[in-house]
Amino acid sequence: MGEKKFYIQFTILSVVLATIVIVLQQFTQNVHPYTFYIQGYFIVLTLGTYLLVNKGIKGEDIDFVSYFMGALTIRLLVSAIILFLYYYFVKEDAVLFTGYFFIFYLCYTVFEIQALLAKLRQNFDRDGKSDEASKKHEA
């Protein structure tokens, strides 16, 4: 998946999720007041981890797994810290907050994994070697 395609699809995902929340706000009372902050957090987090892992895919040492696992670990730990802080300090509508938090977590994580796997497939040929690794062995 090219950079431009990623950003277009990422924007579409974010707009669709925001639209769903706005529609829910109009018809139900089950929308947490921090929902758009949660979405903003995941937008920043997803872009950050995508850029980090994308760097790992493009790197000369082709250490994709380390970058990917590191990004997922950072995502999980930061999210756990935010949930803990919310439960400890705010406590208001904690179940509703957690529900929206995990819905966004799931949507953005699945999107990011799909985008990264598509990008990784582009970099690997049929033999399982990256284009960069093949060039090193040919030289």
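1. Helices and strands are here taken as DSSP runs, a helix having at least four residues and a strand at least two. On that basis the protein, a predicted model, comes to five helices and zero strands. Read along the sequence, the pattern is α-α-α-α-α.

2. Two figures describe the chain as a whole. Of its 139 residues, 35% count as buried. Among the contacts that join residues at least 6 apart in sequence, 70% link residues at least 24 apart.

3. The pairing of α1 with α2 may be taken next. Helix α1 covers residues 3-27 and helix α2 covers residues 35-58; the two pack at an angle of about 165°, and their axes are 11 Å apart. Angles over 145 degrees count as roughly antiparallel, and α1 and α2 are therefore roughly antiparallel to each other. Their crossing is right-handed. On the α1 side the contact is made by Glu3, Phe6, Tyr7, Phe10, Ser14, Leu17, Ala18, Val21, Ile22 and Gln25. On the α2 side the contributing residues are Thr35, Phe36, Gln39, Ile43, Thr46, Leu47, Tyr50, Leu51, Asn54 and Lys58. By class, the residues of this contact divide into twelve nonpolar, six polar and two charged.

4. Ser14 lies in helix α1 and counts as buried, because its relative accessibility is 9%. Leaving aside neighbours within four places in sequence, Ser14 is in contact with Gln39, Ile43 and Tyr108. Ala18 is likewise found in helix α1, and its relative accessible area of 17% makes Ala18 buried. Apart from residues up to four places away in sequence, Ala18 touches Phe36 and Gln39. The C-alpha atoms of Ala18 and Gln39 are 7.9 Å apart, although the two residues are 21 residues apart in sequence.

5. On the side of α2, Gly40 may be considered. Gly40 is found in helix α2 and is partly exposed, with a relative accessible area of 29%. Gly40 and Ser14 are 26 residues apart in sequence, and their C-alpha atoms are 9.1 Å apart in space.

6. The crossing in which α2 passes α3 is right-handed. From α2 the contact draws on Tyr41, Phe42, Leu45, Thr46, Thr49, Leu52, Val53, Lys55, Gly56 and Ile57. From α3 the contact takes Phe64, Tyr67, Phe68, Ala71, Ile74, Arg75, Val78, Ser79 and Ile82. The classes represented in the contact of α2 with α3 are 13 nonpolar, four polar and two charged residues.

7. As to the interior, nonpolar side chains in soluble globular proteins tend to be buried together. The largest nonpolar core of this model has 29 residues. Those with the most contacts inside it are Ile38, Phe42, Val53, Phe101, Phe104 and Tyr108. The elements that give two or more residues to this core are α1, α2, α3 (64-90) and α4 (94-123). Of these, α4 gives the most, with eleven residues.

8. Not counting residues up to four places away in sequence, Phe104 touches Leu17, Val21, Thr35, Ile38, Gln39 and Phe42. Two of these partners, Ile38 and Phe42, are themselves named among the residues with the most contacts inside the core.

9. The loop between α3 and α4 calls for a comment on backbone geometry. Most residues other than glycine have a negative phi. Lys91, placed in this loop, has a positive phi near 65°. Lys91 is exposed, its relative accessible area being 56%. Asp93 is placed in the loop between α3 and α4 and has a positive phi of about 50°, although it is not a glycine. At 41% relative accessibility, Asp93 counts as partly exposed.

Notes: Residues numbered from 1 in each chain as written. Predicted model: local features only at pLDDT ≥ 70, side-chain atom pairs only at ≥ 80, totals over all residues. Heavy atoms only, no water. Axes fitted to C-alpha atoms, helices over the stretch in contact; angles between N-to-C directions. Parallel < 35°, antiparallel > 145°, perpendicular 65-115°, else oblique. Left-handed = near helix turned anticlockwise from the far one by under 90°. Contact = heavy atoms within 4.5 Å. Nonpolar A, V, L, I, M, F, W, Y, C, P; charged D, E, K, R; others polar. Core = buried A, V, L, I, M, F, W, Y, C linked by side-chain atoms within 4.5 Å. Buried < 20%, exposed > 50% of the residue type's maximum accessible area, 1.4 Å probe, protein only.
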